[in-house]
Amino acid sequence: MSTHRPVVVLAEELSPATVEALGPDFEIRQSDGTDRERLFADLADADAIMVRSATQVDAEVLSHGKSLKVVARAGVGLDNVDIKAATAAGVMVVNAPTSNITSAAELTCAHILGLARHISPAHQALRDGAWKRSKYSGVELAEKTLGVIGLGRIGGLVAERMKAFDMEVIAYDPYVTSARAHQLGAQLVTLDELYAQSDVITIHMPKTPETLGMLNTEAFAKMKDTAFVVNVARGGLINEADLEQALAEGAIGGAAVDVFATEPSTDLPFFSRENVVVTPHLGASTAEAQEKAGVSVAKSVRLALAGELVPDAVNVAGGAIDELVRPGIPLIEKLGRILNALATDAFTDIETEAAGEIAELNVSALQLAALKGLFTDVVSEQVSYVNAPVLAEQRGISTRLTTTTEVEDYRNALTVRGATSSGTNLEVRGTLTGPKQIQKIVGINGYDLEIALTEHLVVLEYADRPGVVGALGRILGEHQVNIAGMQVSQNTKQGRALAVLAIDAALPAGVLDAINAEVQANLAAEVDLED
């Protein structure tokens, strides 16, 4: 029995709790992500790499990890990971998207309070020996208006917390409903209305071409000249040159900035202004956030190396997997492999269908699993839930996912259909039955049947006539192949039949040809599902 344990490279220092969350099933290898040559050597046989922000995981690094299945970033940002290169290599990229939300929200609130009460300059003045009580008179936040740009997880937490200071909260977020905003105690407004009405503006948007530099001279001109602007989200959301100009001209009342367009930044012009508070990207810099990030990605690494889909994978479109959907993933992956085994030429179209109760859930993971199965026995490179859609696109295969709540005979049924370049249409259907969720094939190419899925199958379609079953038993018996199960389904209109045999081991060389010669099947395929 193999004693090999998957190798997980820790390219940076991670907490003991992170290592503990990985568990004893892995070989942990400590490396130095800033020493490229050492990292290359450590990745030679590695299954996973875990990093923070100092390690650059680019195409060159990935090329040295031929066995890599997952890159895990113990944090939120992924600027140091080449996601496109990882996807092309079939490597899953995971992060910890919720690990720092509380810490970032609390820092935002701290900055708002610090600006309102001039805490930073007053502190510095007193340390310098000056008692400037009258100079640093501040403002109350009660009954002031907080404008939140981006009412997602962090923006929502900020809104909830600042409501406790009796602030009125307005928000701009084109992807949030009025009902959700109301739950958070906020009123949705247009961006221009937010600029005009807010006493404090905090931005919590992702950095995209559309949001880059969105807080600029034009935006500052629409704000109150007493307004405070806070950015604890992403560097570059504020145009830093425009911010300096707005502060110099008194267009706004002050700013608090934790993130910058280029980091580290230590000498931007507005750093010296008393109505500005700056911190060195501290949004996630709490013991709790760091611990959550490490433990979160450690759990994702465990899932990834177990061959499961990972909810926090950024380059897999599966999303969170419902417990009712999860058992179907290995089933439909096998159905994809069976479909491929039945084909004699290239596929041009693949449809994945989920029918029954699960159709009302998010079943997108099933399409990924079906494609993974389809390509597992086709391509030489490693096939994963990550690069399976890429492989389909590269081959010009159209893919689609369909759902229906209507299903006969079973609570749920999963189907993979394919059209080939010669115009042949193929279909394999399966289900899970009983308390133990037994995997079964319940249909192939329109033939109804019900047979448990095993590692070795033979599928035959032939002219229905007496003696075929006996001939199959004889040929297999002559070659010492045991039949564990068998089912025959008839198409009386066409006078044809389809037989599926579950056998104990792979067929010896030449046996399928012998069967085909005897039975004269128009479809004869062996399916090997053994890992």
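The largest pocket in this predicted model takes lining residues from two domains: domain 1 (7–98 + 288–306) and domain 2 (100–278) each give at least three. The space inside that pocket comes to about 1400 Å³. Its lining counts 46 residues, and the closest to the pocket's centre are Val76, Gly77, Ala233, Arg234 and His281.

Now for another part of the chain: helix H14. Running over residues 364–376, H14 has 13 residues and stretches 19 Å from its first C-alpha to its last, close to the expected 18 Å. How many of its 13 residues are buried? The count is 12, so H14 is mostly covered, with buried meaning under 20% relative accessible area. Among the buried ones are Ser364, Gln367, Lys372 and Phe375. The cover over them includes helices H13 (328–342) and H15 (388–394), along with strands E13 (347–356), E14 (398–404) and E15.

Strand E15 spans residues 412–420, and Thr415 sits in it. Is Thr415 buried or exposed? Thr415 counts as buried because its relative accessible area is 0%. Leaving out residues up to four places away in sequence, Thr415 touches Ile332, Glu351, Thr352, Glu353, Glu427, Val428 and Arg429.

Methods. Residues are numbered from 1 along each chain as its sequence is written. This is a predicted model: local features need pLDDT of at least 70, side-chain atom pairs count only at pLDDT 80 or more; totals for chains, interfaces and linings use all residues. Side-chain values use heavy atoms; hydrogens and water are left out. Helices (H or I, at least four residues) and strands (E, at least two) are DSSP runs, numbered from the N terminus. Buried means under 20% relative accessible area, exposed over 50%, partly exposed in between (1.4 Å probe, protein chains only). Contact means heavy atoms within 4.5 Å. The expected span of a helix is 1.5 Å times one less than its number of residues. On a 1 Å grid over the protein atoms alone, a cavity is a set of points where a 1.4 Å probe fits but cannot get out, and a pocket is an open set with protein on both sides within 12 Å along at least five of seven lines; lining residues have an atom within 4 Å of a point. Grid points are joined across faces, edges and corners, and a volume is the space filled by probe spheres set on the points. Domain bounds come from an automatic or database domain assignment.
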